[in-house]
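Here is a set of questions about how the terms used for this entry are grounded. Each reply puts a value beside its definition.

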Amino acid sequence: MRTLPDLSRITCPAPLARYATVQLAHGGGGRLSQQLIDELFVQAFGNPILEPLHDGAVLNAGGQRLAFSTDSFVIQPLFFPGGNIGSLAVHGTVNDIAMCGATPLWLSAGYIIEEGFGMKELCAVVEAMREAAAQAGVQIVTGDTKVVDRGKGDGIYINTAGVGLVREGIRIGADRIEAGDAILVNGPIAEHGIAIMSVREGLEFETNIESDSAALGGLVAAMLDAGGEDVHMLRDPTRGGVASALDEIATTARLGLRLQEAKVPVREAVRGACEILGFDPLYVANEGKCVAVVARRAAERILAAMRAHERGTEAALIGEVTSDHPGRVVLRSQVGADRIVERMSGEQLPRIC
Amino acid sequence: MKYVDEYRREPEAKRYAKAIAHTVTQPWTVMEICGGQTHAIMKFGLEQLLPASVTLVHGPGCPVCVTPIELIDRAIAIAQRPDTILTSFGDMLRVPGSETDLLGAKSAGADVRMVYGALDAVKIARNHPDRQVVFFAVGFETTAPGNAMAVIQAEELGLDNFSILSSHVRVPPAMEALLGAPDNVVDGFLAAGHVCTIMGYREYEPIAEKYRVPIVPTGFEPLDLLQGLHMVLTLLEAGRYGVQNQYRRSVTRDGNLHAQRMLARVFEPCDRQWRGVGTIPASGLKLRAELTRFDAEQRFDVGQVTARESEVCIAGAILKGLKKPPQCPAFGVECTPDKPLGAPMVSTEGACSAYFRYARGQNERT
């Protein structure tokens, strides 16, 4: 007979005082997620490679720097306008590697599949991964498959981990950011989250809103070609949106960020959907976007390179770094007044009235 | 015309700000009733555009914030029953009850589901004939007709597994309670634009008369709010009172008669306790006698519910406009959106959450 572990003997290194159980918000990408990471995982595993808590880890293998990242995909619905859980799983990890200033090369794919999941659906997911990997120029080189009892999984969960080679002479990090740096984004925001919401809630909009899920390895390469060392920081704003990503950057860099609301690109259909639902596009998830913090003198050059690339045709300069209000993101609203932009603390909830 | 960007244009906003500055010759205090208006004011930083002599205070127009803690506890108790599905608008899920909130109950195994509207709850009831489906019906007069529709639909479908937990509140009695209070500081009101879209503004005329205050039904975009403020301040400076309609593209004097009929078919006024404020006579809505079988409070006996409010939370003073969130000692310290002590910090319409999200550490004009 198996003895179950005696949980009463386990002492948590940093008690998460308020919660006795894990909440949905702990996985939401906002403040509570950050708290869980800081107080549990970093406390337990703490090491200098982990500590920057960037999208991926940068390893040194005998002189060659490698970027290493992992991501798990539990999204519902599994199939959505613009992609499915498979393509997302490839794009997500490829992008995390790219955000380290690295060329993504190799992925692993781990599947946890619920008994009874359709074989046709599984094939569609895998085919999407094949195509996404080919387009991104990466190979899926190892993997694992588990099947769990019916009712013990949500159809399918996928984990991908990825390795890439960090480019020579490039070092991405919050410590490289300086006052005066420019903040760039490669295109219109909030599309993925709204696309998902529209399927999940059965909402229909006049224009079809598709997820922006895409691999950004090529775009980042073009940006690094144009800007080199002047590219200080890269982040892909997934859960929690552009706002949370920038807030994290402001916190780790210990500098202030100023955003111009009028300059942040949002497609009209997405803006309309956000208005109806009462969502702020700055907090809605993206899967094909990157925000970059670059030296001011290189901003125009890098923007030009982005706009010449298919994943950056609508790239825009949306703000700047300042030594004022360190750790805070301040937005100049359309009407010319300022407000603070914070990390979300949970999920955005739709308006009532 | 999409009615969004046109109402957010900076040159027009600056023009209104200038006009307001030219109009005021003395200090005035204006209250916006609706939490959605509070958030718009904070989100667009409109207070920064106003002269210092104009003080904006934020009213109790957040139906989530004013839901009594007992009702939250009751909703949680109902959700914890194995045979029930508790459905609710998103905001209510995070409002703290005495021990926990609905999301906490969900993570402990209760079947709690977020819906966008009451009719979604009816759909769930139809799809789960073996379970009791309860809709936490919260709202001012804006959402009440939609909630009434759900009851009507359930009645027509002959559903015996659908009921509502009613937490409806009405604006006019709340306004009278504020104006009649000895510590009232408010000189004029921006009335809630969407409430007035449903109810019209006839009900406000006797109130404006009796208390000699200007009341201006106002929209939610920056230019709406600035225009509404300008109208109120112009009336105040001229020593005039009465109702003037800013939100003309949505509000008429009589309102939406069909919605009102729907409301009256299902609900009738009752006394209602407002969290942090107290009982305001005739300020709530309850199911009419012939429809009480749809009342979840009657259908489910969850025993005695003893509510415990946080001793630190000053929601009452916030909701009456007597204090602003930064004046609360717990604001941003013990009380944050992650660990709220009271409803105004949770709700997307609550004053405390508006200040925390948009203005913490900035521009505090207390």
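Two strands pair if DSSP finds at least two bridges between them; helices (H or I, at least four residues) and strands (E, at least two) are DSSP runs, numbered from the N terminus. This is a predicted model, in which local features need pLDDT of at least 70 and side-chain atom pairs count only at pLDDT 80 or more, while totals for chains, interfaces and linings use all residues. Residues are numbered from 1 along each chain as its sequence is written, and chains are lettered from A and ligands numbered from 1 in the order in which they are written.

Q: What makes strand 13 and strand 14 of chain A a pair?
A: Four bridges join strand 13 (residues 329-332) to strand 14 of chain A, and the definition asks for at least two. The two strands run antiparallel, and A:R332 stands opposite A:D338 in strand 14 of chain A.

Q: Why are strand 9 and strand 14 of chain A said to stand at the edges?
A: The open sheet has seven strands in the order 9-11-8-12-10-13-14 (chain A), with mixed pairing. Strand 9 (231-235) and strand 14 of chain A each have a single partner strand, so one side of each lacks a neighbour in the sheet. Direction ignored, neighbouring strands of this sheet are turned by 25° against each other on average, with axes being lines fitted to C-alpha atoms.

Q: What is in contact between chain A and chain B?
A: Two residues are in contact if their C-beta atoms, placed from the backbone, lie within 7 Å. By that rule, 25 residues of chain A are in contact with 35 residues of chain B. Strand 14 of chain A gives the most to the chain A side, with three residues. Helix 1 (31-45) of chain A also supplies at least two.

Q: Which residues make up domain 1 and domain 2 of chain A?
A: Domain bounds come from an automatic or database domain assignment, which gives domain 1 (55-168) and domain 2 (174-341) of chain A. Their C-alpha centres lie 23 Å apart. The contact takes 25 residues from domain 1 and 24 residues from domain 2 of chain A. Helix 2 of chain A gives the most to the domain 1 side, with nine residues.

Methods:
Axes fitted to C-alpha atoms, helices over the stretch in contact; angles between N-to-C directions.
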